[in-house]
Amino acid sequence: MIAAFLLMLSGCAPPPSDQIELKFWAMGREGEAVSLLLPEFERRHPEIRVQLQQLPWTAAHSKLLTAYASDALPDVFQLGNTWLPELAELDALAVLDGALLNSHSVQRADYFPGILDTNVIDGTLYGLPWYVDTRLLFYRRDLLSQAGYNSPPETWGEWMQMQAAIKAMVGNERYAVLLPVNEFEPLLALALQQEMPLLREHARYGNFRSAEFRRTLSFYVEMFTRDFAPKMTNTQISNVWTEFGRGYFSFYVSGPWNIAEFQKRLPLELQSAWMTAPLPGPNGPGASNAGGSSLVVSRKSVHPEAAWKLIEYLSEPTVQREFHGLVGAMPPRRSSWAQSALADDVYARAFREQLERAKPTPRIPEWERIATEMRLVAERAVHGDFSIEQAVVELDVRTDQILEKRRWLLDREAAEATTAQLHNRTQRP
Amino acid sequence: MNASRAGWLFVAPALVVIAVFFLLPAMASLLLSLTDFDLYALSDSRRMRWVGLGNYIDLLQRPLFWQALGNTLYFVVVGVPVSIAVSLTAALLLNSTAARFTPFFRTALFAPVVTTVVAVAVIWRYLFHTRYGLINVVLDTVGIAPIDWLGDPNWAMPTIILFAVWKNFGYNMIILLAGLQAIPVDLFEAARIDGASRWQQLRYITLPSLLPTLMMVSILTLSGYFQLFAEPYVMTEGGPLQSTMSVLYLMFEDGFKWWNLGAASAVAFLLFLLMLSSTFALVRLGRRSQAL
């Protein structure tokens with residue numbers, strides 16, 4: 001029995017002291033795929049052992065917050081970039097500006113500016129983009145040319161004309177575009193195309209009453225009121241891929257993961273009938289959202305150098321290409337796109353172009369909630385419960401309520417700063 | 001050791017468990033509901049404000065809360081009677097002397113209770129699909145135009161009720177069946193000899209004898225239906241136009257999606273008070289009708 005006890009002890013004994021145990025959390029399919037990339041890293045750095053843990057996406061957010069609260073965050077982890085402001089606000093993330101500046105293998109200028117920006121909060125870098133996710137147009141080439149157009153739209157005006165032509169062609173039973181009403185991303189992407197920020201005064205108040213957002217919302221709602229888009233959620237559609245193949249809709253605003261899905265699920269004879277295109281903007285090719293995931297280092301990590309090495313390794317162009325091959329995630333570095341299978345992929349080309357114009361959303365912890373309210377209010381406007389005017393006012397009211405705590409914190413910080421200054425002044429002889 | 005002390009000793013483990021896992025957390029969340037505890041407060045307790053009844057006042061002024069409350073009451077007021085009526089009918093049919101293959105039907109009718117709500121929801125979403133769903137196909141053959149079951153704000157809640165009733169009625173059916181089987185057969189025999197019709201037997205023998213069981217079933221169903229969450233969560237995500245948003249769903253979103261634990265605790269307490277008072281009302285009603 002004593003022998004068994006000793007055996008148990010030796011089983012959980014720490015590794016040799018010269019070896020570093022690096023804890024790494026990654027989510028969903030990314031977590032599975034990255035496990036195939038880690039052996040090479042460990043071969044190059046024999047002193048580091050990576051302990052990978054895979055989290056399901058649905059549980060990831062609360063798992064990270066509980067880990068933060070109990071001081072159990074891993075050294076390195078994947079973070080959806082809309083969650084980054086939250087964890088940065090909690091002071092859970094290490095600052096990476098210095099590491100990036102001194103790095104040989106990653107250069108700041110190599111990243112698409114919009115996607116790198118999502119990791120910068122008040123001028124400080126908290127994460128390095130791992131992959132990018134942006135929304136653009138998937139469209140049916142054959143149906144579009146049947147309606148009399150040979151190239152995809154570049155402006156909202158052209159897009160609306162094409163939708164009208166398609167709708168006239170397909171009739172009442174089918175539609176021109178699918179904008180699922182349970183997703184905020186399509187409207188958000190259109191809203192980001194405007195110059196005006198969505199929040200004003202350092203994100204203290206909503207700015208949805210601006211003329212530009214009104215214009216965006218009117219454009220969005222018009223697609224529904226003219227019956228170009230069905231008032232449907234994507235769970236109601238059941239199977240967007242089959243419906244796209246059947247021509248139930250000809251335009252679909254979606255993300256990079258659907259390239260592989262359409263290639264896999266559409267019948268062979270339709271494979272040449274669809275294409276991707278950058279998102280049309282108010283006056284010419286427009287911006288879109290910069291989503292995706294970043295790699296971050298916990299501020300409490302005892303091995304920040306080793307953690308940074310892992311991030312550098314996963315950011316190497318060859319490794320990013322391999323990762324793209326495994327999960328279809330779009331690399332955030334221009335050099336990862338150059339001279340690779342990605343550069344030749346006709347469906348990815350539009351994404352390459354769109355990424356140059358990807359724009360970050362407001363970087364505050366409350367943003368996802370505000371975006372959800374934006375979707376809910378827009379859904380009411382789509383159903384005719386709100387006019388555009390009522391919708392933008394309502395949205396500003398809800399946003400200002402959500403931001404109440406943030407205003408209180410900012411005001412208090414400002415007040416503390418001034419009293420500290422006054423205090424210093426009176427102390428001076 | 002005297003008897004009362006021994007009694008306390010015996011219940012002590014249970015009391016400790018209740019105190020640690022129920023009373024303490026409930027007290028803590030009551031305190032939490034008086035603060036604005038949220039993500040910001042997680043990192044620094046100085047960022048937490050004591051708001052007194054502020055959360056409750058805000059909640060009562062929030063249109064979404066009233067909508068969620070209305071939806072929940074709609075679900076309870078329609079769902080509970082329908083659910084019990086269906087359970088009772090099924091139990092009466094199974095208990096009837098004319099019934100054949102009773103074990104098979106009993107199992108078949110109970111089956112929805114033991115299925116996973118998520119898996120079943122996938123099938124129901126297909127059944128209620130506007131264009132391809134079996135329900136609309138059947139309606140079409142009798143000339144009824146297709147109904148947008150899950151996409152029309154007026155139809156979504158009835159669909160959820162239908163789903164919940166189908167999913168849950170088997171459980172009450174089994175309890176009611178046990179109640180029915182406990183009614184002495186000679187009562188019915190005597191009634192038949194006195195010339196009571198089938199309806200009279202049901203009205204004057206079956207239902208009064210079943211009253212305690214019905215009471216218990218009602219209380220369980222009522223408190224269960226007030227906690228509507230899983231059905232809209234998997235079928236509609238609270239939509240369309242938040243027409244299937246329930247109070248518990250609101251609490252889930254506030255608390256676990258947006259991490260506003262203070263506000264979410266206030267929702268939880270209001271729901272608790274609502275359930276407590278309606279259960280009390282039901283118990284009183286039951287007592288009075290039994291006294292009659």
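A residue is taken as buried if 20 or more other C-beta atoms lie within 10 Å of its own, as exposed if 12 or fewer do, and as partly exposed in between, with C-beta atoms placed from the backbone. Residues are numbered from 1 along each chain as its sequence is written, and chains are lettered from A and ligands numbered from 1 in the order in which they are written.

In soluble globular proteins, nonpolar side chains tend to be buried together. Leaving aside residues up to four places away in sequence, Val267(B) touches Leu59(B), Val247(B), Leu250(B), Met251(B) and Asp254(B), a contact being two C-beta atoms, placed from the backbone, within 7 Å.

Chain B itself has 13 helices and zero strands. Its C-alpha trace spans about 80 × 75 × 35 Å along the principal axes. Of its 292 residues, 32% are buried. Among contacts in chain B with a separation of 6 or more, 68% link residues 24 or more positions apart.

Where the chains meet, 22 residues of chain A are in contact with 19 residues of chain B. On the chain A side, two or more residues each come from H4 (57–69), H5 (84–89), H12 (234–237), H20 (367–382) and H22 (404–427). H20(A) gives the most, with four residues. By type, this side of chain A holds seven nonpolar, seven polar and eight charged residues; here Ala, Val, Leu, Ile, Met, Phe, Trp, Tyr, Cys and Pro count as nonpolar, Asp, Glu, Lys and Arg as charged, and the others, Gly among them, as polar.

Now for the strands of chain A, which pair if DSSP finds at least two bridges between them. S1(A) (residues 20–27) runs parallel to S2(A) (residues 48–55), joined by eight bridges, and Trp25(A) has Gln53(A) as its bridge partner in S2(A). S1(A) is also parallel to S3(A) (residues 76–80), through two bridges. Elsewhere in chain A, four strands make an open, mixed sheet in the order S8-S11-S7-S12, with S8(A) (177–178) and S12(A) (274–277) at the edges.

Two non-glycine residues of chain A stand out for their backbone. Asp71(A), in the loop between H4 and S3 of chain A, has a positive phi of about 60 degrees. Asp71(A) is exposed, with 9 other C-beta atoms within 10 Å. Asp122(A) has a positive phi of about 50 degrees and sits in the loop between S4(A) (120–121) and S5(A) (124–125). Asp122(A) is exposed too, with 8 other C-beta atoms within 10 Å.

As for confidence, pLDDT is the predictor's confidence in each residue, from 0 to 100. Chain A averages 90, and 95% of its residues score at least 70. Over residues 6–13 of chain A, pLDDT stays under 50, and the model has zero contacts beyond four places in sequence for them. Where pLDDT is low, the predicted coordinates should not be read in detail.
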